[in-house]
Amino acid sequence: MPSVKRNILLNGINTVTSILFPMVTFPYAARVLLPEGIGAVNFLLSIVNYVILLTSLGIPLYAVKEIAKYRDEVSQRDKVAVEIILLSFVLCFCGYFIIWILGKFVPQIHQQLSLFYILSLSLFFNTIGVEWFYKGIEDFKFITFRAVIIRTLSAVCLFIFVKNVGDILIYGIITVGATVGNNIINFVHLRKYLNLRSVNVASLKVLQHLKPSLHVFLLNLIISLYVHLNSVMLGFIKGEDSVGYFTAGTKISHIGLVLISSIGTVMLPRCSNMIQKGDFEGFNNLIYKSIRLTILLSFPIIVGLIVLATPITIIFCGNDYIASIPVLYLNAPVILLIGLTNVMGIQILYPKNKLNIVIWSVTGGAIINIILNIILIPLFSATGAAISTLVAEAVVFLIQAFYGRKYYPFKWTNIIWIRYLIGSLVMGGVIFLLCVVIQNMWIQIIMSFFVGILVYILILYGIKDDMIRGILNYIIKLKRRNEI
């Protein structure tokens, strides 16, 4: 079984490429397609994502847990995998019926029907992707390398084929290809693991997965209310240009969020397997490290995004996206809030079958988000949606922290977070001074990135933080191993 460190490293590579892809492609696309074009794609994509959410019924997250539980029982694992795949295809067919209804009867969608149908290919690719299987068996090596290849090809295609505002359909195809196009490879590669001959067709119970996955579906549905609904409400209330501004600000902050969320991707299957085996001591140690790592990474990313919000937005999106800067300010703290609720909800409460607490927490967040959107979007447009998101995520965190406290193998007072906050603030001060001295925005960002990391590491190393020292020692060991 691969080590957690190796999985985090591989998933880190996958995460870095997922960060680099939008950093390289979005600035180009934003300038070529302008806020209206970017807004149109993200407006329709938000609707498609709702259909995917409705027809996946929580299977991706539920399936990771189930495959991880039976990872060492190959015959049972294969049976469960086949059952979930069959259920997914049935739901995919239902999804395309919904797509057809929306395309035919909703005027805002019907006006750009071709783009909507192109983006709806994500539904099919998500179905055949079975990424939940590879996460469940912790095959992060395969996930990483095929993702890197596909993203590279997609970036090349973007620069070659998207030349003006009229190329929005091509951009839609590339968007789908970059995010889920590699799922074809997933499905073909599945034959390496699944032995269909050993699966007794008569023993398959496809519908048994419906009820437990519905709990996860309810969770995902409520979360999506303040993930995708912001763009949908902005599109209907303020127009596509507002969606473009909101998208730009959230995409930049999402770069940091993806890095933090990748920790949970690695931890969920391992946590589920540990609980199944009764290894509670190992589970507690793993969770403690996970939450400290989340805080260690979140604080400097938040501070860096806030200090560099203006040059980052102008360089990566252009002068047309100045209105996105306040969105970035407000979205930066969301990285920490989602990172913490990821640990509490997905890594702890879900494997311990306490999903109801998570559902109630996101219900509270969704209600607050909808109410604030109705009030703030007409007044402040994209910035209003960003305020709603920040408050909603804070509500989710507070509810989970309070009602789930007896299930957490740590106390907040024992989490050494103050040193990471101090280190980040000092780092932010240094970056701010650099930006005052250096006028060129490109040099500001590049210098701030390297100097900021160096300052942060030196501060934590100087105060003898055991986590940062452990990470550095692990990197040194890997380097020495490669040199031998």
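Reader: Why is Phe 159 called partly exposed?

Author: Phe 159 has 31% relative accessibility, and the class covers what lies between buried (under 20%) and exposed (over 50%), with a 1.4 Å probe and protein chains only; therefore Phe 159 counts as partly exposed. Keep in mind that this is a predicted model, where local features need pLDDT of at least 70 and side-chain atom pairs count only at pLDDT 80 or more, while totals for chains, interfaces and linings use all residues. Residues are numbered from 1 along each chain as its sequence is written, and side-chain values use heavy atoms, with hydrogens and water left out.

Reader: Thanks! What makes the pair of Tyr 28 and Phe 159 edge-to-face?

Author: Rings of Phe, Tyr and Trp (its six-membered ring) pair if their centres lie within 6.5 Å, and planes under 30 degrees apart count as stacked, over 60 as edge-to-face and the rest as tilted. The ring centres of Tyr 28 and Phe 159 are 5.0 Å apart with planes at 70 degrees, so this pair is edge-to-face.

Reader: And why are Phe 116 and Tyr 117 called a tilted pair?

Author: Their centres lie 6.2 Å apart and their planes stand at 40 degrees, so that pair is tilted.

Reader: Is Phe 116 buried or exposed?

Author: Phe 116 has a relative accessible area of 0%, so Phe 116 is buried.

Reader: How do you know that the charged end of Arg 405 sits over the ring of Phe 402?

Author: A charge sits over a ring if NZ of Lys or CZ of Arg is within 6 Å of the ring centre and within 35 degrees of the ring normal. The charged end of Arg 405 lies 4.2 Å from the centre of the Phe 402 ring and is assigned as sitting over it.
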